[in-house]
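Student: Could you walk me through this one? I'd like to start with the charged side chains and then move on to other parts.

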Amino acid sequence: LQGSFAETDTPIHKPLHTHLNQAGVDTISELVIGMFKPEDVNAALGDMNPLLEQPLDFGIVLDTEVHANTIDFSSASLALNLNQGRIGVDVRITDLHLWGRIQADLNGAPQYDEEVEAYADLVLVNGYLTPSVSNEELKLNATEIGAHLEGFGFDVSGFPDWIEENVLTVPLQELLENVAMESVQTVVVPELEAAFSSLAVDEAVTILEIPIEVSTKPVLAEVDHTGMDLAFDMVVSGPGEAHLSPKGPLTVPAPESSLAQNEIIGIGLHDNALNSALHELWRAGGLDLTFSTADESLTPIVRTLLEADNVFVTLDFRLPPVLTATPEGLILSFGELNANLETPNGALGETATLSLDGAMRVEPQYADGQFTIGFEDIEAVAIVRENDWNMGTIEASTTFSTRVPMSMALSMMSDLSFPMPSLSELGLEQVEISRSGETPETVLSLH
């Protein structure tokens with residue numbers, strides 16, 4: 001009724017969506033430009049050199065090369081502007097200085113080998129970035145990149161003044177512009193790609209003592225004037241094989257994401273991802289838990305209700321539980337859940353096997369980088385299949401239900417957590433979590 005069953009060990013299509021409006025993109029740009037330092041550019045100089053390699057013709061021809069040794073600047077700012085299909089990029093670099101050497105040969109013989117300094121009070125670099133996905137990686141393709149210098153100057157010792165003024169000015173100005181553009185494309189753009197890609201999930205976590213790996217790959221990157229949209233495919237894997245099933249997790253058709261455009265950053269997590277995690281936990285036996293009053297994992301009052309020295313309950317999920325979206329909220333349904341009950345010196349007897357079918361309402365929460373589902377209430381039917389109570393099935397089931405209300409089962413349930421994108425570096429401290437009717441998606445809104 002809810003959907004179909006996917007094949008096991010197959011990627012989930014687009015269960016994770018992210019939308020960033022202009023303020024969200026600004027948050028990313030502030031994070032990235034804060035990491036743009038002169039040492040980053042200097043580390044890339046080896047690939048940039050020689051910065052200039054061309055003949056200079058002023059009656060005689062000098063074969064000239066310029067190699068940069070060091071680059072420095074005072075500060076940098078980055079503005080990203082949303083457009084239809086692409087992002088406008090504006091970088092301002094103040095007090096840019098370059099120190100290096102200029103070498104010039106005449107007819108193959110060295111003529112000059114001098115120190116050079118080129119500088120500008122302000123460098124403006126602008127252009128466009130077009131987001132795309134290539135080979136499962138998010139790319140920002142730079143186009144129409146240009147640069148403009150204000151307050152340009154240079155100093156070269158050893159060259160005649162007339163060569164400096166009439167021959168070297170334009171090449172060195174273009175050289176400094178090229179250095180600025182190359183710095184943006186080789187340092188800033190990859191950092192932006194990494195920042196947007198960090199909104200994916202690639203983590204190994206432990207849920208109920210079962211190692212679960214969650215990894216995502218971008219499959220969509222689009223931008224318009226309202227914001228930037230990213231979508232990721234996901235693979236959830238665990239150790240298996242405590243339970244074998246020919247079918248995989250429940251898969252519900254994915255509607256268009258309902259992320260609001262007025263949120264700084266909105267993250268939508270489809271129920272298919274949660275059901276895949278539940279399925280992996282079930283396959284690995286992570287849900288086959290044991291509770292007891294002896295270690296107080298089971299509330300001690302159950303010992304009194306069943307009149308036994310202690311109570312031990314071992315769960316055996318014959319089928320994986322599933323999460324479904326309903327008008328009443330998110331529901332965890334389970335069936336063919338066997339519970340082996342041991343009650344040493346119990347007034348009724350010492351062993352019984354129960355079969356439970358029912359559902360629990362769950363409440364999504366977010367804290368410390370984890371999406372968590374907590375269990376709120378339960379409606380279930382318990383049938384005693386086997387017992388040493390000297391009772392038939394109907395009498396034993398009625399007796400158990402009378403003595404132990406199903407609400408007691410909530411005391412055995414631990415919250416289940418699911419990893420989400422790392423958001424701590426973005427400085428957005430307010431996170432709201434919501435669901436809309438029967439839409440199979442939980443939305444996290446960051447402010």
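Student: Is Asp 113 buried, partly exposed or exposed, and what is its relative accessible area?

Tutor: This is a predicted model, and in it Asp 113 has a relative accessible area of 39% and is partly exposed, because that value falls between the 20% and 50% cut-offs.

Student: And which side chain does Asp 113 meet in a salt bridge?

Tutor: The side chain of Asp 113 meets that of Arg 101 in a salt bridge, with N to O at 3.0 Å. Arg 101 is partly exposed, at a relative accessible area of 31%.

Student: How many salt bridges turn up in the whole structure?

Tutor: A search of the whole structure finds nine. One of the pairs is Arg 403 with Glu 307, where the N to O distance is 3.0 Å. That pair also links distant parts of the chain, with Arg 403 in helix H6 (residues 393-403) and Glu 307 in the loop between helix H5 (301-305) and strand E16 (312-317), 96 residues apart.

Student: What about the accessibility of Arg 403 and Glu 307?

Tutor: Arg 403 counts as partly exposed at 24% relative accessibility, and Glu 307 counts as partly exposed at 41%.

Student: Which residues are linked in a network of salt bridges?

Tutor: Arg 361, Glu 363 and Asp 377 are linked in such a network. Within it, the side chains of Glu 363 and Arg 361 meet at 3.6 Å, N to O. Glu 363 is partly exposed, with a relative accessible area of 33%, and Arg 361 is partly exposed as well, with 27%.

Student: Switching to the surface, where does negative charge gather?

Tutor: A patch of negative charge on the surface brings together Glu 39, Asp 72, Asp 95, Asp 121 and Glu 150. Asp 72, one of these residues, lies in strand E4 (residues 61-72) and is partly exposed, with a relative accessible area of 35%.

Student: Is H4 mostly covered or mostly open?

Tutor: H4 is mostly covered, with 13 of its 13 residues buried. The helix is followed by Gly 285, whose phi is positive, near 80 degrees.

Student: Last topic: where does Phe 334 sit, and is it buried or exposed?

Tutor: Phe 334 lies in strand E18 (residues 329-342), and with a relative accessible area of 10% it is buried, because that value is under the 20% cut-off. The C-alpha atoms of Phe 334 and Asp 316 are separated by 11 Å, while the two residues are 18 residues apart along the chain.

Student: And where is the place of Asp 368?

Tutor: Asp 368 is in the loop between strand E19 (351-367) and strand E20 (370-387). Its relative accessible area is 78%, so Asp 368 is exposed, that value being over the 50% cut-off. Asp 368 and Pro 419 are 51 residues apart along the chain, and their C-alpha atoms are separated by 9.7 Å.

Note on methods
Residues are numbered from 1 along each chain as its sequence is written. This is a predicted model: local features need pLDDT of at least 70, side-chain atom pairs count only at pLDDT 80 or more; totals for chains, interfaces and linings use all residues. Side-chain values use heavy atoms; hydrogens and water are left out. Patches are made of residues with over 30% relative accessible area and no salt bridge: like charges are joined within 9 Å, nonpolar side chains (Val, Leu, Ile, Met, Phe, Trp, Tyr) within 5 Å. Accessible areas come from the Shrake-Rupley method with a 1.4 Å probe; for residues, only the protein chains shown count as cover. A salt bridge is a side-chain nitrogen of Lys or Arg within 4 Å of a carboxyl oxygen of Asp or Glu. Lys and Arg count as positive and Asp and Glu as negative; His and the chain ends are not counted. The place of a charge is taken as NZ of Lys, CZ of Arg, CG of Asp or CD of Glu. Helices (H or I, at least four residues) and strands (E, at least two) are DSSP runs, numbered from the N terminus. Buried means under 20% relative accessible area, exposed over 50%, partly exposed in between (1.4 Å probe, protein chains only).
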